[in-house]
Amino acid sequence: MRKRLVRKTFDMIQDIADKDNKEDYKKFWESFGKFMKLGCIEDSGNQKRLAPLLRFYSSKNETDLISLDQYVENMPETQKAIYYIATDSLQSAKTAPFLEKLLQKDIEVLYLIEPIDEVAIQNLQTYKEKKFVDISKEDLELGDEDEDKEETKQEYTLLCDWIKQQLGDKVAKVQISKRLSSSPCVLVSGKFGWSANMERLMKAQTLGDTSSLEFMRGRRIFEINPDHPIVKDLSAACKNEPESTEAKRAVELLYETALISSGYTPESP
């Protein structure tokens, strides 16, 4: 009986979603969308049925919600993953520095703007054999790794080491960024740690117990854009005047700014 009711329910929802009149499913989604996402977390047996019914905003659809099927259909053949970013609002998703190179390459990014979204997507893991990838985490691969110039890495090794020395334990490492085009720097979270969005949500729920928060926060990686004038000036300063107070202040300011633009909260706002 239970199985039959569940199947009938899915058939009914799918019928609404397939209708030419998209307004009907839009109304349904506004009322029950959160429960569908909750189902992806709590009902693993029905994930394959739930996933096609999910709807999200994206970098190419900021006013209309799209399905995962639409996202996959619009993907170029060379794209191997479904990219997403989790933030607290549509506005902060649109202006996040993590998007820069992806927008430049015309890669669509899903905007996860509700607290439940990130957990739901992490539970799905893949859709139509395409892995979900958080663009705010380290080791982002955009399929153009061959273009990555080894010379640039070597040229900026000294600067990366010098910045790491200034920031100390605040960051796990400093490296050249593959995801920036106009911002000087960004702060990304470790592969297995929480994203900035998840950290914000967990902070709101820890009820004063910060020990688990510190454990799961994971390492943060400071990424710099070698083409940015500020970074070029810093590179020259670290070679010619490594003890310059002004240059050291600039590093601190860059770090604090990266914290905010990457969705983290500075220790002293």
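The model is a predicted one, where local features need pLDDT of at least 70 and side-chain atom pairs count only at pLDDT 80 or more, while totals for chains, interfaces and linings use all residues. Residues are numbered from 1 along each chain as its sequence is written, and side-chain values use heavy atoms, with hydrogens and water left out.

## The chain as a whole

The protein chain has 13 helices and 9 strands. Its C-alpha trace spans about 75 × 45 × 25 Å along the principal axes. Of the 269 residues in the chain, 44% are buried; buried means under 20% relative accessible area, exposed means over 50%, and partly exposed lies in between (1.4 Å probe, protein chains only).

Confidence is given as pLDDT, the predictor's own score for each residue from 0 to 100. The chain averages a pLDDT of 87, and 92% of the residues score at least 70. Among the elements, strand β4 (residues 109-112) has the highest mean, 95, whereas helix α11 (residues 211-217) has the lowest, 63.

## Two surface patches

Back at Phe35, we meet a nonpolar patch: together with Phe32 and Leu38, Phe35 makes a surface area of about 300 Å². A patch is built from residues with over 30% relative accessible area and no salt bridge; like charges are joined within 9 Å, and nonpolar side chains (Val, Leu, Ile, Met, Phe, Trp, Tyr) within 5 Å. The areas come from the Shrake-Rupley method with a 1.4 Å probe, and for residues only the protein chains shown count as cover.

There is also a patch of positive charge on the surface, where Arg4, Arg7, Lys8 and Arg49 gather. Helix α1 (residues 2-18) gives the largest share of this patch, 3 residues. Arg49 sits in helix α3, residues 47-50. In this count Lys and Arg are positive and Asp and Glu negative, with His and the chain ends left out.

## Salt bridges

How many salt bridges does the structure hold? There are 11, each one a side-chain nitrogen of Lys or Arg within 4 Å of a carboxyl oxygen of Asp or Glu. Side chains of opposite charge can pair when their charged atoms come close.

One of these bridges joins Asp24 and Lys19, at 3.3 Å from N to O. Both partners are partly exposed: Asp24 has a relative accessible area of 25%, and Lys19 one of 41%.

Another pair is Asp106 and Lys60, with 3.4 Å from N to O. Asp106 lies in the loop between α6 (100-104) and β4, and Lys60 in the loop between β1 (56-58) and β2 (61-66), so this bridge ties together parts that are 46 residues apart in sequence. Lys60 is partly exposed, at 41% relative accessibility.

Next come Glu138 and Arg219, whose side chains meet at 3.0 Å, N to O. Glu138 belongs to the loop between β6 (130-134) and α8 (150-155), and Arg219 to the loop between α11 and β9 (220-224), so the pair links parts that are 81 residues apart in sequence. Is Glu138 buried or exposed? Glu138 is buried, at 8% relative accessible area, while Arg219 is partly exposed at 40%. Salt bridges that share partners also join Lys34, Lys37, Glu114 and Asp117 into one network.

Two non-glycine residues have a positive phi. For Gln125, phi is near 65°, and this residue is found in the loop between α7 (117-124) and β5 (126-127). For Asp139, phi is about 60°, and its place is in the loop between β6 and α8.

Glu252 is in helix α13, residues 245-261. The C-alpha atoms of Glu252 and Glu100 are separated by 23 Å, and the two residues are 152 apart along the chain.

This table shows the accessibility of some residues from the tour.

| Residue | Relative accessible area | Class |
|---|---|---|
| Phe35 | 57% | exposed |
| Gln125 | 55% | exposed |
| Asp139 | 44% | partly exposed |
| Arg49 | 35% | partly exposed |
| Glu252 | 29% | partly exposed |

Notes. Helices (H or I, at least four residues) and strands (E, at least two) are DSSP runs, numbered from the N terminus. The place of a charge is taken as NZ of Lys, CZ of Arg, CG of Asp or CD of Glu.
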